[in-house]
Each structure stands twice: as structure tokens, then as C-alpha cells.
Amino acid sequence: MSRPAPLAILAQRAAERQKRHLTRRLVCMGPAGGRWVTVDGRRCLLLASNDYLGLSNHPRLAQAARQAAQASGTGAGASRLVCGTLDWHLRLEQRIAQFKQTQAALFFPTGYMANLGVIATLAGPGDLIVSDQLNHASLIDACRLSRSQVRIYPHGEVQTAEEMLAQGPAQGLKLLVSDGVFSMDGDLAPLPALLAAAQRQQALLVIDDAHGTGVWGQRGRGSLEHFGLEPTPEVVIIGTFSKALGGLGGFVAGAAEVIQGLVNGARAFIYSTAPPPAQAAVALAALELVDAEPQRRQKLHRLCALLRGLLAEHGFGLLSQAGPIIPILAGPANKALALARALLERGVFAPAIRPPTVPPGSSRLRLAVSAAHEEEDMHLAARALAAAAAEVGL
Ligand SMILES: *Cc1c(COP(=O)(O)O)cnc(C)c1O
């Protein structure tokens, strides 16, 4: 029997994807972040960016990038352990540790790499990872990469998680892993209960606060601060500069033993070139802005409450109670696509989120509010969404 040609196999897979309404395509838009974007030549309200504080267009950050590139060049030239460690990286790491109230911190090129680095270095064969069902894809990939035993607990069910930890190996490390704020549902993890369970079971608690940092807590320290918790040495926090902080880069903050272990063992850290000075400089400046401009965070939460209230008036059921991530469930993938299209026709951009990013049957629009928005935008968005939902029969 003749084998199909390689590209014919790929074309067959693409046709399968198309049939299930799961094809994705790249849509060119600009500028990044902010309030308005141009999508396919048309100006729309952007309601999908993770630029929660509107920092990606902040003149201070552009200035920090320019100055660092001019003073220190555009490339670090090597990995951190060879000759890529610059003053910028060390200052940033000190600042992250101070910001997150941990002993130490380590900067990574992206949050994805930070997750791969931390999970796959801390845990290996003979260890146990207990992980929330809705954790981010980078945590899932990291768990697989670690070759540990991995057990998944139903979303937010701390008691089940604790039972899984209790049944873990007598020797070996136990990790309890959760998003701090769930990226597609927008809800917070039950951190006080997770922390207590981790302590009782002598597990490290690993919290991915990609969507918490800068947004949650009185001072924007993240989801732990929101609950009034301080990190113990057995808590490891992961974060990113790519969302509320308006730049790019990941970090791990935790005990000195954890950070030392990563410097010596994290392959995503060791075998990748150090981030360029400008990337670290932008991150440093963004952390300063979280403190210097608290009004951005306050405005963000005011706008979130406003939009949530307006959506509730229009009869939308919401998955999360507060914060900038507001999912509108559509169900089947084609329904979510139709809703996104109808919304775009009304001048609002929020793309359909489909499997495998979310579980099958729970395709949705994921609205994301930013401090770059104004009150009138929330009214426009709610009206447009109500009309779009009516048009597609939702
Ligand atoms: C976006 C995201 C990441 C990845 O961060 P990047 O810096 O964009 O690579 C990790 N975890 C969660 C929960 C995220 O939402």
C-alpha cells in the first residue's frame, strides 16, 4: 500500500481541525495592548489583552528599554552561567524577591520557561505532583517533562488534593501546584486552604501567579496578598512580566534553596541565552510603576465591577466574581466563533477561546478589562455583547 506524502498527512489533519471548528489563524493587529486596535483594517475596542494595567504603552517602559539598549547592548551574548549575567539581571532578581517577599528570585525569558524550569527541576521520578485540573498548559507540560507521578484534582477541590498528597510516596518530594488566578476562568485559587493542606502534608506549594501579579492585593503583590497570606519558605511563586507588567519575561520567587536548585538544574535556564538588558530594564521599571501608580489598579477594579454589573443586567451568567478576566460561555466551538464574529461586527475584539485551551463544550469569549479602558468602553462592550448574543441565539 502506498504511503501518503508527508504534506498530504498534514493537509488531512488540517481538514479534520477545520471540520471541528478548531482551526486557528493569525490575525494581524496593532498597536499592542491599549484601548483601541486595528483588526483587518478596522478600528475596534480591544477587550482581550492581558495588559491589565495598560503598562505596555507606558512612556517610562519605552524609555527604560531605550536607555538599557543604548547603555548595555541588545543581546546578552550567552546563557546566564556562561557570561550572560549582567548587573540588570541581578538588580531585577533582588527587586522581584523584595516585591514578592521571598528570600530570592530568578528571571527567565518567559513565564512558560519559568514553569518548565521550576517544576521539572524540583520534581523528578519518585516525586509526586498534585495539580489542579484547570492549571495552565505550561504547568501541564512541565509536569509531563518532570517524569514525576502526576495526579490531577477537580478544579479547586482542596480536600481531594490533600488526599492525593497523603497517599504520596513516603520518601521523595511532594508538590501542590495551582494557578493563583485561573487564566481562562478568571477565578482565584482557594489559597488559604491550599497552603494549609500543603503544610499538613509537607508539600511545597507552587503558585503560578501570571494573572495575579500587579492586579490582586492592596499593593498589587498578587493573589497571596489578596488573601492576606505571606509566602512561607515552602511556597514557590511563579510570575510573568508579560501580562499586567506590560513587557516580557518570567520569574520564580522562593527560598534560597529553591533558587539555588534552579540555577544548577533548570534546563530552561541553563541552556537558553540570558534575556537582553532592555527586557530586564522594562521589568524593573514596571515593578516600580506597580507601586508608583496604584490608581491604575484601582481604576481596573472599578471598570471590572462596572462591566460585570452591566453584563449581569443583560442576563449573562459569569464564571468569576471579580477581576479583569470575564469569560462568556458559548459551549460548542462554532457558537463561540459566531459570537466573536458578531461582536467584531459591532466594533469589539475578543476572540473565541476553544479546545484544547479550554475543555470541550466550554468554548467561550474571554473578555479582559484593562486600566487603559474608560467607563464608556464598558457600556459599549456590554451593549455590543448583548446584541451579538441575541444575534447568534445565545
Ligand atoms: C500566560 C501564562 C503563562 C506564560 O507566561 P509567558 O510569560 O507569556 O510565557 C504561564 N502561566 C499562566 C497561568 C499564564 O496565563
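Me: Let's start with F107: is F107 buried or exposed?

Reply: F107 is buried in this predicted model. The relative accessibility of F107 is 1%, and the cut-off for buried is under 20%, so F107 falls in that class.

Me: Nice. Which residue pairs with F107, and in what geometry?

Reply: F241 does, in an edge-to-face aromatic pair. The centres are 5.8 Å apart, with 75 degrees between the planes.

Me: And where do F107 and F241 sit in the fold?

Reply: F107 belongs to strand β4 (residues 104-108), while F241 is in the loop between β9 (235-240) and β10 (250-254). The pair therefore ties together parts that are 134 residues apart in sequence.

Me: What about F241, buried or exposed?

Reply: F241 is buried, with 1% relative accessible area.

Me: How many aromatic pairs are there in the whole structure?

Reply: The search finds 3 aromatic pairs. Ring pairs also link F107 and F241 with F251 into a cluster.

Me: Switching to charges over rings. Which ring does R43 lie over?

Reply: R43 lies over the face of W36, 4.2 Å from the ring centre. There is also R91, whose charged end sits over the ring of W88 at 4.9 Å from its centre.

Me: Pockets next. How much space lies in the second largest pocket?

Reply: About 180 Å³. The lining of that second largest pocket has 13 residues, and L116, A120, T121, L145 and R267 are the ones that lie nearest the centre.

Me: Which element gives the most to the lining of the second largest pocket?

Reply: That would be α5, with 4 residues. At least two lining residues come from each of α5 (111-122), α6 (137-146) and α11 (267-270).

Me: What is the make-up of the lining of the second largest pocket by class?

Reply: The lining has 6 nonpolar, 5 polar and 2 charged residues.

Me: Quick one on cysteines: how many disulfides does the structure hold?

Reply: The structure holds 0 disulfides. As for individual cysteines, C83 is exposed at 53% relative accessible area, whereas C143 is buried at 4% relative accessibility.

Me: I'd like to check the backbone too. Which peptide bonds are cis?

Reply: One of them runs from G30 to P31, with omega near -5 degrees. P31 is in the loop between β1 (29-30) and β2 (36-39). Another cis peptide bond runs from P355 to P356, with omega near 5 degrees. P356 is placed in the loop between β13 (352-353) and β14 (363-368).

Me: What is phi like for H21?

Reply: Phi of H21 is near 60 degrees, a positive value in a residue other than glycine. H21 is in the loop between α1 (6-19) and β1, and H21 is partly exposed, with a relative accessible area of 34%.

Me: And what about phi of R147?

Reply: R147 is not a glycine, yet has a positive phi of about 60 degrees. Look for R147 in the loop between α6 and β6 (149-153). At 65% relative accessibility, R147 counts as exposed.

Me: Last one, on Q67: where is it, and what separation do Q67 and A305 have?

Reply: Q67 is in helix α2 (residues 59-72), and is partly exposed at 46% relative accessibility. The C-alpha atoms of Q67 and A305 are separated by 38 Å, and the two residues are 238 residues apart along the chain.

Definitions and conventions. Residues numbered from 1 in each chain as written. Predicted model: local features only at pLDDT ≥ 70, side-chain atom pairs only at ≥ 80, totals over all residues. Heavy atoms only, no water. Phe/Tyr/Trp six-rings, centres within 6.5 Å; stacked < 30°, edge-to-face > 60°. Buried < 20%, exposed > 50% of the residue type's maximum accessible area, 1.4 Å probe, protein only. Lys NZ or Arg CZ within 6 Å of the ring centre and 35° of its normal. 1 Å grid on protein atoms, 1.4 Å probe; cavity = no way out; pocket = protein on both sides within 12 Å on 5 of 7 lines; lining within 4 Å. Points joined across faces, edges and corners; volume = space filled by probe spheres on them. Nonpolar A, V, L, I, M, F, W, Y, C, P; charged D, E, K, R; others polar. Disulfide = S-S within 2.5 Å.
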